[in-house]
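Dear colleague,

Please find below the structure that I am handing over to you. My notes on it follow.

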Amino acid sequence: MEFGVDLLLILFAVALVAGFVDSIAGGGGLICIPALLWAGITPTQALATNKLQSSCGSFSASVNFMRRGLVHPGDMVLAIILTLLGSVLGTTLIQMIDPGILMTLLPGLLIAIALYFLFSPRASDIDAHQKIGKTLFAFTAGFGIGFYDGFFGPGTGSFFSIAFVALLGFNLTKATAHTKVLNFVANVASLATFIVGGEVVWEIGLAMAVGQVIGATLGSHMVMKVGAKLVRPLLVFVSIAISIKLIIEQYGDMIGAYWHNLVTAFA
């Protein structure tokens, strides 16, 4: 299948916006995947190609955060390893198990995350009390969220962010920086599995990767410059937006029928 320059430019622009949003609050996949499906590729190819371009974006953001000293990968080796293992396992299992139950649970989980960041006084630029050690964090949040990212994906950035804030007591800027490193690890592990299956559409993925790198670089600079004033509201917005999108996809027809009956009853 051949793709025109105009289509590649549109997808490049979509990836740039997604990279900016994703480097701050996560959720970039919810912007890119619909665009990839619109381009005419299969759902599996869309997921695989999204992993290619998002890997480039998360890598760019991670490097930017590391250069500014906000994250040191050497301090999170165990979390990196377990996130990688979880992602590989999740990507392998998604080919055999129906993820429908996650689709049902996810909107509620994301709304809870949005409410946490909206009302928690700890979700700021000040480090808070650490509740668990980094080893336990790696085995629980690292492996568990890595598995989720490989198995399904939407909201991974939000889940990592809340884990770093709630469990390790990180401030939001520091949590965002560490989130991007684990995001990158999970993305690359999942991407490798998809490459083995021959599902990546390289022409589209590479064009979008350029946009992702630009957007992620701009977004990570904004995080370091503005901090919680930007991250906190965007995390809330992205979490709620993803929830609404998933609810509409799952229950749109039911809600529409109920609304029609309600209007008819009072007409």
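Is Val 88 buried, partly exposed or exposed? Val 88 is partly exposed, its relative accessible area being 31%; buried stands for under 20%, exposed for over 50% and partly exposed for the range in between, with a 1.4 Å probe and protein chains only.

This is a predicted model, in which local features need pLDDT of at least 70 and side-chain atom pairs count only at pLDDT 80 or more, while totals for chains, interfaces and linings use all residues. Residues are numbered from 1 along each chain as its sequence is written, and side-chain values use heavy atoms, without hydrogens and water.

The chain has 10 helices and 0 strands (DSSP runs numbered from the N terminus: H or I of at least four residues for helices, E of at least two for strands). Of its 267 residues, 50% count as buried.

Beyond four places in sequence, the contacts of Phe 137 (heavy atoms within 4.5 Å) include Ala 163, Phe 164 and Leu 182.

Val 88 lies in helix 4.

Kind regards
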